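Please look over the sequence and the three-dimensional structure shown here before reading on. The report below then takes up several parts in turn.

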Amino acid sequence: MRSELMSVFALSVLLVGSQTQSAGPARQKAAELSLEKLELHNVKAEQVTHLGRSAVRITDAGAEGLDDAGRLAIVPGSSFQDGTIEVDLTGDTAPDARPEFRGFVGIAFRVAADRSHFECLYLRPKNGRSEDQLQRNHSVQYISIPGFPWQKLRSESPGKYESYVDLVPGQWTQVKIQVAGSRARLYVNGAEQPVLVVNDLKQPSTNGSIALWVGLGTIAHFSELKVRP
(Lines give C-alpha, C1' and ligand atoms only; values in the text may rest on other atoms or scores of the structure.)
Protein backbone atom coordinates (compact mmCIF):
# COMPACT_ATOMS: atom_id res chain seq x y z
CA MET A 1 0.00 0.00 0.00
CA ARG A 2 1.33 3.43 -0.88
CA SER A 3 -0.19 6.83 -0.18
CA GLU A 4 0.93 10.31 0.82
CA LEU A 5 0.29 12.60 3.76
CA MET A 6 0.26 16.25 2.77
CA SER A 7 1.29 19.24 4.93
CA VAL A 8 2.88 17.37 7.79
CA PHE A 9 4.55 20.31 9.48
CA ALA A 10 4.46 18.72 12.91
CA LEU A 11 7.46 16.52 12.12
CA SER A 12 10.59 18.42 11.18
CA VAL A 13 13.97 17.20 10.03
CA LEU A 14 17.08 19.06 11.13
CA LEU A 15 19.87 18.43 8.65
CA VAL A 16 23.30 19.55 9.78
CA GLY A 17 26.14 20.06 7.29
CA SER A 18 29.53 21.71 7.26
CA GLN A 19 30.24 25.21 6.01
CA THR A 20 33.24 26.15 3.91
CA GLN A 21 36.08 26.85 6.30
CA SER A 22 38.56 29.65 5.92
CA ALA A 23 40.55 28.89 9.05
CA GLY A 24 40.30 26.61 12.06
CA PRO A 25 37.73 23.82 12.49
CA ALA A 26 34.82 23.62 10.08
CA ARG A 27 31.70 25.28 11.40
CA GLN A 28 28.26 23.77 11.10
CA LYS A 29 24.97 25.26 10.12
CA ALA A 30 21.52 23.75 10.49
CA ALA A 31 18.57 24.07 8.15
CA GLU A 32 15.13 23.03 9.37
CA LEU A 33 12.91 21.49 6.71
CA SER A 34 9.16 21.09 7.07
CA LEU A 35 7.83 17.79 5.78
CA GLU A 36 5.12 17.98 3.15
CA LYS A 37 4.87 14.30 2.27
CA LEU A 38 5.47 10.92 3.82
CA GLU A 39 5.69 7.82 1.66
CA LEU A 40 3.38 5.40 3.44
CA HIS A 41 3.51 1.63 3.24
CA ASN A 42 0.90 -0.37 5.17
CA VAL A 43 0.34 2.47 7.63
CA LYS A 44 -1.91 5.50 7.80
CA ALA A 45 -0.80 8.91 9.05
CA GLU A 46 -2.43 12.04 10.36
CA GLN A 47 -1.39 15.32 11.90
CA VAL A 48 -2.44 15.54 15.55
CA THR A 49 -1.67 17.07 18.91
CA HIS A 50 -0.61 14.42 21.41
CA LEU A 51 -0.01 15.28 25.07
CA GLY A 52 0.31 18.94 24.14
CA ARG A 53 2.76 18.40 21.31
CA SER A 54 2.27 18.68 17.55
CA ALA A 55 3.02 15.28 16.05
CA VAL A 56 2.45 12.79 13.27
CA ARG A 57 0.37 9.80 14.28
CA ILE A 58 1.30 6.58 12.47
CA THR A 59 -1.14 3.68 12.73
CA ASP A 60 -0.75 0.10 11.54
CA ALA A 61 -2.91 -0.46 8.46
CA GLY A 62 -1.30 -3.66 7.17
CA ALA A 63 -2.57 -7.21 7.03
CA GLU A 64 -2.05 -9.22 10.19
CA GLY A 65 0.27 -11.64 8.39
CA LEU A 66 2.60 -8.86 7.26
CA ASP A 67 6.10 -9.21 8.70
CA ASP A 68 8.25 -6.52 10.33
CA ALA A 69 9.54 -5.29 6.96
CA GLY A 70 6.17 -3.97 5.88
CA ARG A 71 5.03 -1.01 7.98
CA LEU A 72 7.03 2.09 7.09
CA ALA A 73 6.59 5.83 6.59
CA ILE A 74 9.59 6.91 4.51
CA VAL A 75 10.87 10.41 5.28
CA PRO A 76 11.09 12.26 1.95
CA GLY A 77 14.49 13.50 0.91
CA SER A 78 16.26 11.73 3.77
CA SER A 79 19.71 10.33 3.04
CA PHE A 80 21.62 8.57 5.78
CA GLN A 81 24.54 6.20 6.15
CA ASP A 82 26.46 7.22 9.29
CA GLY A 83 25.58 9.84 11.87
CA THR A 84 22.97 10.55 14.53
CA ILE A 85 19.19 10.31 14.42
CA GLU A 86 17.11 11.83 17.20
CA VAL A 87 13.34 11.71 17.58
CA ASP A 88 10.62 11.95 20.22
CA LEU A 89 8.10 9.15 19.90
CA THR A 90 5.34 7.23 21.63
CA GLY A 91 4.05 3.72 21.12
CA ASP A 92 0.85 2.03 22.26
CA THR A 93 -1.58 -0.60 21.03
CA ALA A 94 -4.79 -0.01 19.11
CA PRO A 95 -8.02 -0.58 21.06
CA ASP A 96 -8.69 -3.81 19.17
CA ALA A 97 -5.10 -5.12 19.34
CA ARG A 98 -4.44 -8.53 20.79
CA PRO A 99 -3.12 -8.59 24.39
CA GLU A 100 0.30 -9.87 23.33
CA PHE A 101 1.01 -6.83 21.13
CA ARG A 102 3.42 -4.37 22.75
CA GLY A 103 3.11 -1.01 20.93
CA PHE A 104 6.13 -1.61 18.67
CA VAL A 105 7.65 1.70 17.49
CA GLY A 106 11.05 2.79 16.19
CA ILE A 107 13.26 4.11 13.42
CA ALA A 108 14.46 2.29 10.29
CA PHE A 109 17.61 3.58 8.61
CA ARG A 110 19.70 2.85 5.52
CA VAL A 111 16.40 1.93 3.85
CA ALA A 112 16.93 0.79 0.25
CA ALA A 113 14.91 2.47 -2.49
CA ASP A 114 12.80 -0.67 -2.92
CA ARG A 115 12.59 -1.14 0.89
CA SER A 116 14.14 -4.61 0.55
CA HIS A 117 17.02 -3.81 2.94
CA PHE A 118 17.20 -1.75 6.12
CA GLU A 119 18.32 -1.68 9.73
CA CYS A 120 15.88 -0.92 12.55
CA LEU A 121 15.95 -0.15 16.26
CA TYR A 122 12.62 -0.13 18.05
CA LEU A 123 10.88 -0.08 21.42
CA ARG A 124 8.23 -2.27 23.01
CA PRO A 125 6.68 0.26 25.44
CA LYS A 126 4.30 -2.22 27.06
CA ASN A 127 7.27 -4.29 28.23
CA GLY A 128 9.02 -1.47 30.10
CA ARG A 129 7.12 -1.86 33.38
CA SER A 130 5.97 -5.44 33.09
CA GLU A 131 5.86 -7.51 36.28
CA ASP A 132 7.66 -10.24 34.35
CA GLN A 133 11.42 -9.58 34.37
CA LEU A 134 12.03 -11.61 31.22
CA GLN A 135 9.48 -9.48 29.40
CA ARG A 136 11.16 -6.31 30.70
CA ASN A 137 14.40 -7.56 29.16
CA HIS A 138 12.69 -7.33 25.75
CA SER A 139 11.96 -3.58 25.92
CA VAL A 140 14.25 -2.49 23.07
CA GLN A 141 15.15 -4.48 19.96
CA TYR A 142 17.39 -4.48 16.91
CA ILE A 143 16.28 -6.16 13.69
CA SER A 144 17.76 -6.22 10.18
CA ILE A 145 15.82 -6.77 6.96
CA PRO A 146 16.15 -9.15 5.21
CA GLY A 147 17.24 -12.22 7.07
CA PHE A 148 17.37 -11.13 10.69
CA PRO A 149 13.94 -10.80 12.30
CA TRP A 150 13.68 -10.60 16.07
CA GLN A 151 12.73 -14.28 16.35
CA LYS A 152 15.96 -15.42 14.66
CA LEU A 153 18.17 -13.03 16.63
CA ARG A 154 16.57 -13.99 19.94
CA SER A 155 16.81 -17.72 19.34
CA GLU A 156 20.37 -17.70 18.00
CA SER A 157 21.85 -14.97 20.25
CA PRO A 158 19.65 -14.60 23.35
CA GLY A 159 19.98 -11.19 24.98
CA LYS A 160 22.47 -9.80 22.45
CA TYR A 161 20.14 -7.71 20.32
CA GLU A 162 17.58 -6.57 22.90
CA SER A 163 17.64 -5.01 26.33
CA TYR A 164 15.67 -3.35 29.13
CA VAL A 165 14.77 0.31 29.50
CA ASP A 166 12.01 2.00 31.46
CA LEU A 167 9.13 2.84 29.10
CA VAL A 168 5.51 3.93 29.46
CA PRO A 169 2.99 3.21 26.69
CA GLY A 170 1.64 6.32 25.01
CA GLN A 171 4.10 8.66 26.76
CA TRP A 172 6.76 10.68 24.97
CA THR A 173 10.16 8.99 24.86
CA GLN A 174 13.33 10.64 23.57
CA VAL A 175 15.37 8.36 21.32
CA LYS A 176 18.87 8.88 19.90
CA ILE A 177 20.56 6.48 17.49
CA GLN A 178 24.25 6.80 16.65
CA VAL A 179 25.50 4.85 13.62
CA ALA A 180 29.06 4.35 12.37
CA GLY A 181 29.89 1.61 9.90
CA SER A 182 28.75 -1.69 11.37
CA ARG A 183 28.03 -0.21 14.80
CA ALA A 184 24.89 1.35 16.28
CA ARG A 185 24.09 2.74 19.74
CA LEU A 186 20.60 3.39 21.08
CA TYR A 187 20.09 6.01 23.80
CA VAL A 188 16.79 6.69 25.56
CA ASN A 189 15.58 9.77 27.44
CA GLY A 190 18.92 11.58 27.47
CA ALA A 191 20.91 8.82 29.17
CA GLU A 192 24.69 9.16 28.87
CA GLN A 193 25.08 5.44 28.24
CA PRO A 194 23.32 3.46 25.49
CA VAL A 195 20.61 1.00 26.44
CA LEU A 196 21.52 -1.19 23.47
CA VAL A 197 24.87 -1.66 21.72
CA VAL A 198 25.02 -3.38 18.31
CA ASN A 199 28.52 -3.98 16.97
CA ASP A 200 27.60 -6.05 13.93
CA LEU A 201 24.86 -4.44 11.86
CA LYS A 202 23.83 -7.15 9.44
CA GLN A 203 23.30 -5.26 6.17
CA PRO A 204 26.08 -3.61 4.12
CA SER A 205 26.95 -0.08 5.17
CA THR A 206 25.22 1.86 2.41
CA ASN A 207 23.37 5.13 2.10
CA GLY A 208 19.59 4.98 2.34
CA SER A 209 16.45 6.64 3.59
CA ILE A 210 15.13 7.04 7.12
CA ALA A 211 11.67 5.74 7.95
CA LEU A 212 9.24 5.86 10.83
CA TRP A 213 8.63 2.23 11.72
CA VAL A 214 5.74 0.55 13.55
CA GLY A 215 4.76 -3.03 14.21
CA LEU A 216 1.56 -5.00 14.34
CA GLY A 217 -1.38 -3.39 16.14
CA THR A 218 0.49 -0.17 16.95
CA ILE A 219 -0.58 3.45 17.27
CA ALA A 220 2.53 5.67 17.42
CA HIS A 221 3.42 9.35 17.44
CA PHE A 222 6.58 11.02 16.14
CA SER A 223 7.86 14.55 16.67
CA GLU A 224 11.08 16.56 16.22
CA LEU A 225 13.07 14.22 14.02
CA LYS A 226 16.67 15.43 13.69
CA VAL A 227 19.37 13.91 11.48
CA ARG A 228 23.06 14.79 11.68
CA PRO A 229 25.92 13.27 9.67
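## The largest pocket

Which residues lie nearest the centre of the largest pocket? They are Asp68, Phe104, Tyr122, Trp150 and Gln151, and the whole lining is made up of 24 residues. This is a predicted model, in which local features need pLDDT of at least 70 and side-chain atom pairs count only at pLDDT 80 or more, while totals for chains, interfaces and linings use all residues. Residues are numbered from 1 along each chain as its sequence is written, and side-chain values use heavy atoms, with hydrogens and water left out.

A pocket is found on a 1 Å grid over the protein atoms alone, as an open set of points where a 1.4 Å probe fits, with protein on both sides within 12 Å along at least five of seven lines, and its lining residues have an atom within 4 Å of a point. The largest pocket holds about 480 Å³ of space, where a volume is the space filled by probe spheres set on the points, and grid points are joined across faces, edges and corners. Helix 2 (residues 150-156) gives the largest share of this lining, three residues; helices (H or I, at least four residues) and strands (E, at least two) are DSSP runs, numbered from the N terminus. By type, the lining has eleven nonpolar, five polar and eight charged residues, where Ala, Val, Leu, Ile, Met, Phe, Trp, Tyr, Cys and Pro count as nonpolar, Asp, Glu, Lys and Arg as charged, and the others, Gly among them, as polar.

Strands 13 and 14 form a hairpin with two residues between them, and Gly181 in the turn has a positive phi of about 60°.

## Thr93 in strand 8

Thr93 lies in strand 8 (residues 83-93) and counts as buried because its relative accessible area is 15%. Its side chain makes a polar contact with the side chain of Lys126 (2.8 Å), a polar contact being a pair of N or O atoms within 3.5 Å; within protein, one must be able to donate a hydrogen and the other to accept it, and residues adjacent in sequence count only if both atoms are side-chain atoms.

Most residues other than glycine have a negative phi, and most peptide bonds are trans. Asn42, in the loop between strand 4 and strand 5 (43-50), has a positive phi of about 60° although it is not a glycine. Asn189, in the loop between strand 14 and strand 15 (196-198), has a positive phi near 55°. The peptide bond from Ile145 to Pro146 is cis, with omega near 0°, and Pro146 is found in the loop between strand 11 (140-145) and helix 2.

Terms used. Buried < 20%, exposed > 50% of the residue type's maximum accessible area, 1.4 Å probe, protein only. Pairing = 2+ DSSP bridges.
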